Amino acid sequence: MLNKAQLIGRLGQKDVRSTPNGMQVVSYSIATTKSLKDRETGEWKENTEWHRCVSFNKTAEHIGMNVEPGDLLFLEGELRTRKWQTQSGEDRYTTEIVVNDFPRKLPKYFSKNGSQQAAPTPQPQQQAHASPSQPGHLEQPPVEAYGFDDDYPF
C-alpha cells in the first residue's frame with residue numbers, strides 16, 4: 001500500500017525541541033497556495049492551505065539549522081494521524097506529514113507567490129573549441145556538429 005505526500009510550499013513556523021531521551025524533533029508548517037479565478041468578478045484570488053509536518057533525528061536537526069521561515073521547499077513524507085488528550089482529558093486527533101528525508105530547498109529565483117522569475121543565466125559548458133587568439137574564450141560549435149542541415153532542429 002502507498003502512503004505518500006509530496007508538497008512544494010513555504011515554511012511557516014517551526015518548533016525545534018528534544019525528547020527526554022535526547023531525540024531531536026521539529027514540528028513545522030508548510031503553506032501551499034493555489035490561484036483561482038473568481039467566476040463572478042473575474043479576479044484572481046489566492047487560496048492558502050497550511051499543512052502540519054514533523055521530522056525526527058537528523059532530519060529535524062537539518063531543518064532546525066538550515067531552513068528558515070519563507071524558504072520554498074519540496075518535501076516528501078507519509079500521512080500519519082495521532083491521538084492526544086487535552087488537559088481536560090478530551091481526545092483530539094492530528095494528521096501530520098512525517099518527513100523522514102531532508103527537504104530540498106528550491107532556487108531563490110522563485111518569487112514569494114510561487115511564480116517563477118527570470119532564472120539565473122546558465123554557465124556555458126566547456127567546449128573543445130577554444131579560440132587560440134582569445135584564451136579561455138568559448139566558441140559555439142557549428143550547427144553541422146548537431147546533425148542539422150537547416151535552422152529547425154525538428
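**Reading confidence, a helix face and a pocket**

Author: Before anything else, the protein chain in this predicted model averages a pLDDT of 78, with 69% of the residues scoring at least 70. Over residues 114-150 the pLDDT is below 50, and this stretch has 26 contacts in the model beyond near neighbours in sequence.

Reader: Among the elements of the chain, where is confidence lowest and where is it highest?

Author: Confidence is lowest in strand 6, residues 104-105, at a mean of 86, whereas it is highest in strand 5, at 95.

Reader: How should I read helix 1, and which of its residues are buried?

Author: Buried here means under 20% relative accessible area, and in helix 1, residues 57-66, that applies to Thr59, Ala60 and Ile63. Seen down the axis of helix 1, these buried residues fall within an arc of 100°, so they line one face of the helix. The face turned away from that buried side carries Lys58 and Met65, which are exposed.

Reader: What covers the buried residues of helix 1?

Author: The cover includes strand 1, strand 2 and strand 3.

Reader: Turning to the second largest pocket, how many residues line it, and which lie nearest its centre?

Author: The second largest pocket, with a volume of about 210 Å³, is lined by 13 residues, of which Ser27, Tyr28, Arg52, Cys53 and Glu96 lie nearest its centre. By class, its lining has six charged, four polar and three nonpolar residues.

Reader: Which strand gives the most to that lining?

Author: Strand 1 (5-18) gives the most, with four residues, while strands 1, 2, 3, 4 and 5 each supply at least two.

Methods: Residues are numbered from 1 along each chain as its sequence is written. This is a predicted model: local features need pLDDT of at least 70, side-chain atom pairs count only at pLDDT 80 or more; totals for chains, interfaces and linings use all residues. Side-chain values use heavy atoms; hydrogens and water are left out. On a 1 Å grid over the protein atoms alone, a cavity is a set of points where a 1.4 Å probe fits but cannot get out, and a pocket is an open set with protein on both sides within 12 Å along at least five of seven lines; lining residues have an atom within 4 Å of a point. Grid points are joined across faces, edges and corners, and a volume is the space filled by probe spheres set on the points. Ala, Val, Leu, Ile, Met, Phe, Trp, Tyr, Cys and Pro count as nonpolar, Asp, Glu, Lys and Arg as charged, and the others, Gly among them, as polar. pLDDT is the predictor's confidence in each residue, from 0 to 100. Contact means heavy atoms within 4.5 Å. Buried means under 20% relative accessible area, exposed over 50%, partly exposed in between (1.4 Å probe, protein chains only). The arc is that of the directions from the helix axis to the C-beta atoms.
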